[in-house]
Amino acid sequence: METNTASVICQQLDCGKSGTVSNTESRLKGAPNWLDIVKCRPHDSTLWQCPSSPWGQNKCDDGEVALITCEQKNVALKGTATQSSQYDSYGAAGNAIDGNRNTKYTGGSCTHTKQDSKPWWRVDLQDVFTVTSVTITNRGDCCSERIDGAEIRVGNSLDDNGNQNPLCAVVPSIAAGESSSFQCNWTMGRYVNVVLPKPGILTLCEVEVNGHDSSGYLPLRLQGGNRMCSGRVELWYEGSWGTICDDLWDINDAQVVCRQLGCGTALKAHGNAAFGRGNGPIWLNEVKCWGSELHLRDCPHSLQDHRTSCSHKEDAGVTCEGENCCAALLLSAWISVVSTV
């Protein structure tokens, strides 16, 4: 397997734009080897487009299993942080993105809010990123229980200071001075919040946001539904949110939207402003996805001039199966992907 193939797999899994290949003997006894002699070309965007031997036909043994490592990084280091309040000169919000896991508060590397009705901390990543996981380091010299029940939220909205963005995870607890990682299922957003949905004090000694740049993608959101994973589809383009015309809108298009938002499988594609009429421009028209694309931007005829014959009574929507559910596995064969921090 070559580097081009590894990079296609990493991009298909939303794990960065490049990868390296090594060998491993990690295979369950009797597990089949589905693909061999895979050779992706520069123009291939999914593994299914890459030339290979016929499925299931190979001469591989248990010592010839491909291990792919995708490149990712802590994208919080170049961000800017703020919080609901600051307790004293030691507890600045920026201390949680200084690259230092020092867990002693007086060491100047931890944050500290005052007693607030809903204390929160937020990092502005300065661009839209696909967030795969968030690692939080808890204070080690006091009060480790303060983090219990904190919500990690990722998105592009600053409504309620960003505390209403899609939920990545809830922190049950983190032992004093320890670090824990929480999977975000490829959620896209510019802002990462850690918020306590109750009165209390929030302290953080480091927040590491693992992911990769998605600024070339079109950020999406769902509006007007009764839960996070259903509603009118809106996308951010040229500085404003706009809608999508329902011309040609079908379940394949909905599958791409649900996948991009980390909401699992699409259950239904809606037209005729089923979730209410939107405002502003109608950015897309006659979207025709195959259903296998990772992002709406990748679909044929996706970006159109917003001066269209459509009106907001034709706004498109979706219903997805999940409430920020686990992202669907795109590969069932024995290909291991390891994200590096």
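1. In this predicted model, Lys-118 and Asp-160 are joined by a salt bridge, with 2.7 Å between the closest N and O atoms. Lys-118 belongs to the loop between strand 4 and strand 5 and Asp-160 to the loop between strand 6 and strand 7, so the pair ties together parts that lie 42 residues apart in sequence. Lys-118 counts as partly exposed because its relative accessibility is 28%; Asp-160, at 33%, also counts as partly exposed.

2. The count of salt bridges comes to 8. Another of them joins Arg-221 to Glu-234, where the closest N and O atoms are 2.8 Å apart. Arg-221 lies in strand 10 (residues 220-224) and Glu-234 in strand 11, so this pair ties together parts 13 residues apart in sequence. With a relative accessible area of 25%, Arg-221 is partly exposed, whereas Glu-234, at 5% relative accessibility, counts as buried. Arg-221 and Glu-234 also belong to a network of salt bridges that includes Arg-232.

3. Lys-288 and Asp-250 meet through their side chains in a salt bridge of 3.2 Å, N to O. This pair links distant parts of the chain, 38 residues apart: Lys-288 is in the loop between strand 14 and strand 15 (317-320), and Asp-250 is in the loop between strand 12 and helix 2 (251-260). Lys-288 is partly exposed at 39% relative accessibility, and Asp-250 is partly exposed at 21%.

4. On the overall architecture, the secondary structure comprises 2 helices and 16 strands. The protein has 341 residues, of which 51% count as buried. Among contacts with a separation of 6 or more, 74% are between residues 24 or more positions apart. The accessible surface is about 15700 Å², and 48% of it belongs to carbon and sulfur atoms.

5. Which residues of the largest nonpolar core touch the most other members? They are Trp-121, Leu-125, Val-192, Leu-204 and Val-209, in a core of 29 residues. At least two residues of this core come from each of strand 5 (120-137), strand 6 (151-155), strand 7 (167-170), strand 8 (179-195) and strand 9 (206-213). Strand 5 gives the most, with 7 residues. Apart from this core lies another, of 24 residues, including Cys-229, Ile-244, Leu-261 and Val-318.

6. Strand 12 (residues 240-244) is mostly covered, 4 of its 5 residues being buried. Strand 11 (residues 230-237) runs antiparallel to strand 12 and is joined to it by 4 bridges; here Leu-235 has Gly-242 as its bridge partner. Strand 14 (residues 282-284) runs parallel to strand 12, with 2 bridges between them. In that pairing, Ile-244 is partnered with Leu-284.

7. Asn-102 is placed in the loop between strand 4 (80-83) and strand 5. Its relative accessibility is 30%, so Asn-102 counts as partly exposed. Beyond its neighbours within four places in sequence, Asn-102 is in contact with Gly-107, Ser-109, Cys-110 and Cys-205.

8. A nonpolar patch on the surface consists of Trp-34, Trp-48 and Trp-55, which together have about 370 Å² of accessible area. Of these, Trp-55 is located in the loop between strand 1 (19-24) and strand 2 (65-71).

Note on methods. Residues are numbered from 1 along each chain as its sequence is written. This is a predicted model: local features need pLDDT of at least 70, side-chain atom pairs count only at pLDDT 80 or more; totals for chains, interfaces and linings use all residues. Side-chain values use heavy atoms; hydrogens and water are left out. Patches are made of residues with over 30% relative accessible area and no salt bridge: like charges are joined within 9 Å, nonpolar side chains (Val, Leu, Ile, Met, Phe, Trp, Tyr) within 5 Å. Accessible areas come from the Shrake-Rupley method with a 1.4 Å probe; for residues, only the protein chains shown count as cover. A salt bridge is a side-chain nitrogen of Lys or Arg within 4 Å of a carboxyl oxygen of Asp or Glu. A nonpolar core is a set of buried Ala, Val, Leu, Ile, Met, Phe, Trp, Tyr and Cys residues joined through side-chain atoms within 4.5 Å. Buried means under 20% relative accessible area, exposed over 50%, partly exposed in between (1.4 Å probe, protein chains only). Contact means heavy atoms within 4.5 Å. Two strands pair if DSSP finds at least two bridges between them.
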